[in-house]
Amino acid sequence: MNALSFPVIHPSFQKLKSSGRFLHLLAATLLVIHALTHSHQPQSSPVYIGCLVFMALDIFILVMAGKNIASDMPVVNLFFRLVEVLFFTGIGITLLIESRWFMGGLHLVIGFAYLYLLKLEKRMMHNEYLAIHHSGITIPALPDNRFLIWTQINRIEAQYDSITIDTASDTSYRFHLQKNLQFEELDQIHEFCRHYLGT
């Protein structure tokens, strides 16, 4: 029996893709709020406020131009996400230097949250695979793939369009396949199950 690998539709990745528009709107809104609060400061800089508003406007235009940014334009999406990371982190560091601890810390947290999101969205540029090996099964998960050894698996139910894995810890994973299994592939999965699970 050779190892098997199948491209799957990962539910968490689909949620992340569909939330791309909301996350960009959130970033743009935070930039506008920051510009408004900064404009009331005695030492506010018109150039800094202009940059904040310009970047927010840029993101709003991007969101309106493409409804599914994360899936339709992944490279553009990653670029804007990187800009958001650098921007919020830069604001956070600047505010900390000015001894404005709360606002500086808040912006750093937002910057790191967007950095984490950037890492997850970078993974979305590649197909996610479920792989069956002689030592166990690799399943796609966030933030990293998970590896289940055969003793952690109670049952595998393979159908032509999906695979369900029930684990010993009473967790169930269901993955829809990007393309239906061939009869030979389904038979190989059943052979793995007979060999390692005795089913």
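At 74% relative accessibility, D170 counts as exposed (exposed means over 50% relative accessible area, buried under 20%, and partly exposed in between, with a 1.4 Å probe and protein chains only). The structure is a predicted model, in which local features need pLDDT of at least 70, side-chain atom pairs count only at pLDDT 80 or more, and totals for chains, interfaces and linings use all residues. Residues are numbered from 1 along each chain as its sequence is written, and side-chain values use heavy atoms, with hydrogens and water left out.

D170 sits in the loop between β6 and β7. Its phi is near 60 degrees, a positive value in a residue other than glycine. Most residues other than glycine have a negative phi. A second case is S99, with a positive phi of about 65 degrees. S99 lies in the loop between α5 (74-97) and α6 (101-123). With 45% relative accessibility, S99 is classed as partly exposed.

The protein chain contains seven helices and seven strands. These are DSSP runs numbered from the N terminus (helices: H or I, at least four residues; strands: E, at least two). From the N terminus on, the order is β-α-α-α-α-α-α-β-β-β-β-β-β-α.

Of the 199 residues in the protein chain, 40% are buried. The chain exposes about 11200 Å², and carbon and sulfur atoms supply 64% of this area. Accessible areas come from the Shrake-Rupley method with a 1.4 Å probe; for residues, only the protein chains shown count as cover. Contacts (heavy atoms within 4.5 Å) were also counted by sequence separation. Among those between residues at least 6 apart in sequence, 54% join residues at least 24 apart.

The largest nonpolar core holds 23 residues. Such a core is a set of buried Ala, Val, Leu, Ile, Met, Phe, Trp, Tyr and Cys residues joined through side-chain atoms within 4.5 Å. Within the largest core, L130, I156 and I189 touch the most other members. Two or more residues each come from β1 (4-9), β2 (128-132), β3 (136-139), β5 (153-158), β6 (162-167), β7 (172-177) and α7 (183-197). The most come from α7, which gives five. Leaving aside neighbours within four places in sequence, I189 is in contact with L4, F6, I132, I156, A158, I163 and L181.
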